[in-house]
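Trainee: I would like to learn how to read a structure, one feature at a time. Could we start with helices and then move on to a sheet?

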Amino acid sequence: MKKSIIRSTGRALPSRVVTNDDLVELLDTSDEWIKQRTGIEQRYWVPEDQEIGASDLGFDASLIALDRAGWTPEDIDFIIFATLSPDIFFPGSGCLLQDKLGLRSTPALDIRQQCTGFLYGLATADSYIKSGLASKILLVGAEVHSTGLDKTPRGRDVSVIFGDGAAALCVEGVDTDENIGVIASCLHADGKQADLLFAELPASRLPERITVDLIQNSTRHYASMNGRAVFKNALKKLPEVTKETLEKANMKLEDVDLIIPHQANLRINQAYCDILKLDQSKMFNNIQKYGNTTAATIPLALDEAMEQGLIGKKGDVVMFTSLGAGLTWGGILYIFP
Ligand code: UT7
């Protein structure tokens with residue numbers, strides 16, 4: 001039977017490190033507030049004098065993942081690109097990445113599921129593999145948030161949180177009866193709560209998608225978030241989806257070696273861990289260094305957790321979970337081959 005295994009990972013960050021202190025004057029904030037409320041100490045933002053899009057960071061991460069897998073770009077038979085900050089309005093960043101990889105007909109699919117984008121992407125890759133439609137998939141989560149943030153005190157609640165970054169996975173189908181690879185996926189969405197976290201412009205529903213007046217006299221082109229409501233949703237849905245995914249996999253929480261949750265707020269993840277009555281060492285966090293990189297947080301964390309030797313041995317069990325804009329949320333249980 002076909003199983004979907006992660007053959008390799010790779011990550012890429014822009015060159016510019018932005019510390020909390022760098023934001024104090026710009027946003028009327030403080031290192032203490034940011035650390036206390038979010039756990040974030042620094043994030044990476046693309047340099048202001050260069051045009052770097054999500055597909056550029058995704059390309060750098062992909063080259064590392066491809067090299068580690070021993071694949072050439074020609075080996076890829078499907079590209080899945082998860083981002084909420086595509087390089088341009090259309091076509092999708094997956095097509096732009098495909099071109100950068102020098103490919104001319106490999107299919108490329110963009111996933112617009114924000115913080116849950118990586119999970120939707122991995123579940124999609126798993127379905128393509130299990131249905132026989134593809135066997136070597138390049139899955140990328142990449143964001144350039146910094147060019148879309150309100151960098152004035154008005155936007156400080158959102159702007160201190162988000163960082164730029166990318167990570168890529170080579171996902172491969174293997175024939176085996178062993179209980180390995182993607183074991184269970186649970187995906188959810190609740191569009192009624194779309195306005196808890198959203199960026200409205202450019203909007204096809206307006207007579208003109210974006211105008212000078214809209215940009216100068218409104219904040220509708222910036223991300224807007226009801227932070228407290230998203231926070232509460234996360235603490236309800238993340239434990240729920242953890243249990244649902246475990247049940248689907250026919251496993252117990254004690255079987256999980258490491259939970260890699262979305263990195264939106266260290267306080268969310270610590271409280272989520274407490275709700276599960278789990279030791280904090282069983283949950284991986286790296287938001288301190290990167291901020292919230294949305295579709296890239298989980299693959300970035302996976303790449304680091306493997307690098308640190310926390311997981312990666314045959315039989316290691318990892319659970320990925322996330323909640324974010326949409327609202328969307330989900331869980332995936334994975335066993336290392
Ligand atoms: O990945 C997508 C999913 N997103 C999330 O999961 C985010 C979930 N939400 C959160 O992480 C938190 O709600 C935030 C970090 C966004 C905000 O933290 P909070 O503890 O909910 O703060 P708050 O928005 O309730 O604001 C508390 C105070 C306010 O001042 P007053 O009214 O009490 O005087 C804000 O004006 O903190 C103030 N504040 C700031 N102060 C300094 C808000 N942002 C900042 C800031 N620096 N950056």
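**Reading helices, strands and a loop**

Mentor: Happy to! The crossing of α8 and α9 is right-handed. Keep in mind that this is a predicted model.

Trainee: Which residues of α8 and α9 make the contact?

Mentor: From α8 come Phe 231, Ala 234, Leu 235, Leu 238, Pro 239 and Thr 242, while α9 supplies Arg 267, Ile 268, Ala 271, Tyr 272 and Ile 275.

Trainee: At what angle do α8 and α9 pack?

Mentor: The angle is about 45°, and the axes lie 10 Å apart. That makes α8 oblique to α9.

Trainee: Now the sheet, please. How do strands pair in general?

Mentor: Strands of a sheet pair through backbone hydrogen bonds, either parallel or antiparallel. Here, an open sheet of four strands runs in the order β8-β13-β12-β11, with mixed pairing. β8 and β11 stand at the edges with a single partner strand each, so one side of each has no neighbour in the sheet. From one strand to the next, the twist averages 15°.

Trainee: In which sense do β11 and β12 pair?

Mentor: They pair in the parallel sense, over four bridges. For instance, Ile 260 has Phe 320 in β12 as its bridge partner. Helix α8 lies across β8, β11, β12 and β13, at about 145° to β12.

Trainee: And is Asn 292 buried or exposed?

Mentor: Asn 292 counts as buried because its relative accessibility is 3%, and the cut-off for buried is under 20%. Asn 292 sits in the loop between α10 and α11, where its contacts include His 145, Phe 162 and His 262.

How values were computed:
Residues are numbered from 1 along each chain as its sequence is written. This is a predicted model: local features need pLDDT of at least 70, side-chain atom pairs count only at pLDDT 80 or more; totals for chains, interfaces and linings use all residues. Side-chain values use heavy atoms; hydrogens and water are left out. Helices (H or I, at least four residues) and strands (E, at least two) are DSSP runs, numbered from the N terminus. Buried means under 20% relative accessible area, exposed over 50%, partly exposed in between (1.4 Å probe, protein chains only). Contact means heavy atoms within 4.5 Å. Two strands pair if DSSP finds at least two bridges between them. Axes are lines fitted to C-alpha atoms, for helices over the stretch in contact, and angles run from 0 to 180 degrees between N-to-C directions. Angles under 35 degrees count as roughly parallel, over 145 as roughly antiparallel, 65 to 115 as roughly perpendicular and the rest as oblique. A crossing is left-handed if the near helix is turned anticlockwise from the far one by less than a right angle, and right-handed if clockwise. Lists of a residue's contacts leave out its neighbours within four places in sequence.
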